[in-house]
Amino acid sequence: MAVHEHPHRSSGFHLPTFRRNGSASDGAVTAAATATTAARAYAFASLRLLTGFVFLWAFLDKTFGFGYATASGKGWIDGGSPTKGFLSSVAAGPMESTFHDWAGAGWVNWLFMLGLFGVGIALVSGVALRLAAVAGTAMMALMWIAEWPPARHLSDGSLSMSSNPFADYHLIYAVVLVSVAVAGAGATWGLGKLWATLPVVRDHNWLR
């Protein structure tokens with residue numbers, strides 16, 4: 001008696017259907033990843049613009065004396081010093097006497113104001129963020145040393161009233177500056193993409 005081999009039939013699992021489902025799932029994952037990337041870009045751009053306004057407003061107020069941190073008629077253009085009040089009031093830290101010597105000096109005023117203006121413009125426009133991060137971090141480091149949060153007491157023995165021995169707003173600003181530069185936050189709501197196409201910027205990445 002002859003034995004006939006019958007071909008094995010599928011158990012009902014259809015690979016084409018599985019692939020269609022997989023494609024739909026992959027599409028959903030891709031869409032979610034795209035939305036997350038866009039949200040991250042907008043978040044960093046918002047952080048960049050707000051921080052830029054902080055620096056730029058400080059420059060404008062100290063220059064023209066809008067009556068906020070700088071009294072009207074006491075602006076830089078009126079003959080006031082943007083650094084004398086702050087540096088002469090330093091009362092703690094390893095550079096206390098040095099800051100007192102620097103207070104109100106012309107070169108210090110110019111460096112400080114150019115730093116505020118340069119970092120502010122860079123952040124608001126979204127260009128040269130790496131340079132802004134370096135310059136801004138240096139400024140924040142010096143201001144952190146001037147306030148010297150680790151001190152429990154001032155040089156006259158009174159309580160410093162420091163709210164934290166390490167982390168203060170200067171440190172936070174420095175981290176923000178580095179973060180927006182690393183994230184390339186100038187490409188969203190800024191001129192970062194256009195800036196990156198300039199030949200000199202393409203040849204020197206540190207200018208991005």
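Is Trp110 buried or exposed? Trp110 is exposed, with a relative accessible area of 52%; in these terms, buried means under 20% relative accessible area, exposed over 50%, and partly exposed in between, with a 1.4 Å probe and protein chains only.

Before I continue, a word on the basis of this presentation. This is a predicted model, in which local features need pLDDT of at least 70 and side-chain atom pairs count only at pLDDT 80 or more, while totals for chains, interfaces and linings use all residues. Residues are numbered from 1 along each chain as its sequence is written, and side-chain values use heavy atoms, with hydrogens and water left out.

Let me turn to the overall architecture. The chain holds 8 helices and 0 strands, where helices (H or I, at least four residues) and strands (E, at least two) are DSSP runs numbered from the N terminus. Of its 208 residues, 29% count as buried. The accessible surface comes to about 13,300 Å², and 67% of that belongs to carbon and sulfur atoms; the areas come from the Shrake-Rupley method with a 1.4 Å probe. Among contacts with a separation of 6 or more, 62% are between residues 24 or more positions apart, contact meaning heavy atoms within 4.5 Å.

I now come to one helix pair. Helix α5 (residues 129–147) packs against helix α6 (residues 169–182) at an angle of about 170°, and their axes are 8 Å apart. The axes are lines fitted to C-alpha atoms over the stretch in contact, and angles run from 0 to 180 degrees between N-to-C directions. The arrangement therefore makes α5 roughly antiparallel to α6; angles under 35 degrees count as roughly parallel, over 145 as roughly antiparallel, 65 to 115 as roughly perpendicular and the rest as oblique. On the α5 side the contact includes Leu129, Met140 and Trp144, and on the α6 side it includes Tyr173, Leu177 and Val178. The residues of this contact divide into 13 nonpolar, 3 polar and 2 charged. Here Ala, Val, Leu, Ile, Met, Phe, Trp, Tyr, Cys and Pro count as nonpolar, Asp, Glu, Lys and Arg as charged, and the others, Gly among them, as polar.

Next, the aromatic rings. Rings of Phe, Tyr and Trp (its six-membered ring) pair if their centres lie within 6.5 Å; planes under 30 degrees apart count as stacked, over 60 as edge-to-face and the rest as tilted. By this rule there are 13 aromatic pairs. Trp76 and Trp110 form an edge-to-face pair, 4.9 Å centre to centre with 70° between the planes. This pair links distant parts of the chain: Trp76 is in the loop between α1 (15–64) and α2 (84–88), and Trp110 is in helix α4 (residues 106–125), 34 residues apart.

Trp144 and Phe166 have ring centres 6.3 Å apart and planes at 70°, so this pair is edge-to-face. Because Trp144 lies in helix α5 and Phe166 in the loop between α5 and α6, the pair ties together parts 22 residues apart in sequence. At 17% relative accessibility, Trp144 counts as buried. Ring pairs also link Phe53, Trp57, Phe64, Phe66 and Tyr68 into a cluster.

Finally, some loop residues. Thr188, in the loop between α6 and α7 (192–196), is buried, with a relative accessible area of 17%. Beyond its neighbours within four places in sequence, Thr188 is in contact with Ala41, Tyr42, Ala45 and Arg48. Trp189 is found in the loop between α6 and α7, and its phi is near 55°, a positive value in a residue other than glycine.
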